[in-house]
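Thanks for coming, everyone. Let me put the structure up, and then we'll walk through a few of its contacts.

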Amino acid sequence: MNASRTARERVRAELMAEITDIARKHLAKDGAAGLSLRAVAREMGMVSSAIYRYYPSRDDLLTALIIDGYNAAGGAVREAEAARDRADFMGRWLALCHGLRGWALAHPHEYALLYGSPVPGYRAPEDTIAPASTSAEVFGRLVGDAFRAGVLDPPGGYPPVPESMAADAARIRDAIMPGVPGDVIARAATVWPGLFGAVSFELFGQYANVVSDLTAVFDYAMRGLGRSIGLPE
């Protein structure tokens with residue numbers, strides 16, 4: 001019975017993987033709002049009722065795609081950052097940034113699903129929170145390592161951190177930056193969305209007819225963001 005159950009589980013996992021693979025193709029063609037379980041089932045040669053055994057609704061399928069996307073993006077970030085010398089903090093930051101950009105350029109529709117416009121009517125469940133945090137955890141560990149190494153040297157001119165950010169900084173500290181003071185966390189909290197803004201600006205064509213060497217501009221911008229935290233060159 002155990003062997004039979006294992007075989008059924010394997011077949012189920014394979015079918016679910018095939019469903020999500022086909023769904024990604026439809027995502028590229030029709031967008032997240034146009035994703036249809038019936039259309040996916042039709043391409044697989046399944047009756048539409050059969051696919052609901054695996055994904056009861058379109059939102060369940062979207063959630064699976066989102067979790068897969070976050071895991072893939074986080075894996076690319078983690079792998080790129082881990083390849084750098086632990087004492088090369090700017091190098092780790094740049095590797096992290098280029099890891100995300102490389103994944104986004106290779107998987108633009110999945111990136112758009114994660115970081116683009118919200119899908120009308122879809123509300124992400126709590127299952128997506130942990131996968132979504134993977135990249136941020138890599139970033140938080142980097143900042144924490146640089147702070148504990150005593151190498152952060154941020155430029156002057158930053159305004160004082162608003163008192164209203166104290167509670168937010170405490171939550172970020174508890175989640176991904178243990179022991180890091182509030183002013184460092186505040187800078188990091190402004191730098192992190194800057195990475196996604198730069199990726200999105202490129203991916204969604206905002207540099208068209210303006211910038212020719214997109215890689216150089218991205219690297220320059222990320223170095224600037226790294227310096228704003230105080231990461232040494």
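At what angle do the axes of helix 4 and helix 5 cross? Roughly 145 degrees, and the axes come within 7 Å. Axes here are lines fitted to C-alpha atoms, for helices over the stretch in contact, with angles running from 0 to 180 degrees between N-to-C directions.

Quick housekeeping. This is a predicted model, where local features need pLDDT of at least 70, side-chain atom pairs count only at pLDDT 80 or more, and totals for chains, interfaces and linings use all residues. Residues are numbered from 1 along each chain as its sequence is written, and side-chain values use heavy atoms, leaving out hydrogens and water.

Back to the helices. Helix 4 covers residues 58-82, and helix 5 covers residues 89-106. Helices are DSSP runs of H or I, at least four residues, numbered from the N terminus. Who meets whom? On the helix 4 side, the residues include Gly69, Ala72, Ala73 and Ala76. On the helix 5 side, they include Arg92, Ala95, Leu96 and Trp103. Contact means heavy atoms within 4.5 Å. By class, this contact has 9 nonpolar, 2 polar and 2 charged residues. Nonpolar means Ala, Val, Leu, Ile, Met, Phe, Trp, Tyr, Cys and Pro; charged means Asp, Glu, Lys and Arg; the others, Gly among them, are polar.

Next, Thr134, in helix 8, residues 134-148. Is Thr134 buried or exposed? Buried, at 12% relative accessible area. The cut-offs: buried is under 20%, exposed is over 50%, partly exposed is in between, with a 1.4 Å probe and protein chains only. Leaving aside neighbours within four places in sequence, Thr134 touches Gly74 and Arg78.

Now the rings. There are 8 aromatic pairs. Rings of Phe, Tyr and Trp (its six-membered ring) pair if their centres lie within 6.5 Å; planes under 30 degrees apart are stacked, over 60 edge-to-face, the rest tilted. Tyr111 and Tyr115 make a tilted pair, 5.0 Å centre to centre, with 45 degrees between planes. They sit 4 residues apart in helix 6, residues 108-115, so about one helical turn separates them. Tyr111 is buried, at 0%. Tyr115 is partly exposed, at 24%. Ring pairs link both into a cluster, with Tyr70, Trp93 and Phe139 among the other members.

Last, charges over rings. The rule: NZ of Lys or CZ of Arg within 6 Å of the ring centre and within 35 degrees of the ring normal. Arg187 lies over the face of Tyr158, 3.8 Å from the ring centre. Arg101 has its charged end over Phe218, at 5.4 Å.

Notes
Helix = DSSP H or I, 4+ residues; strand = E, 2+ residues; numbered from the N terminus.
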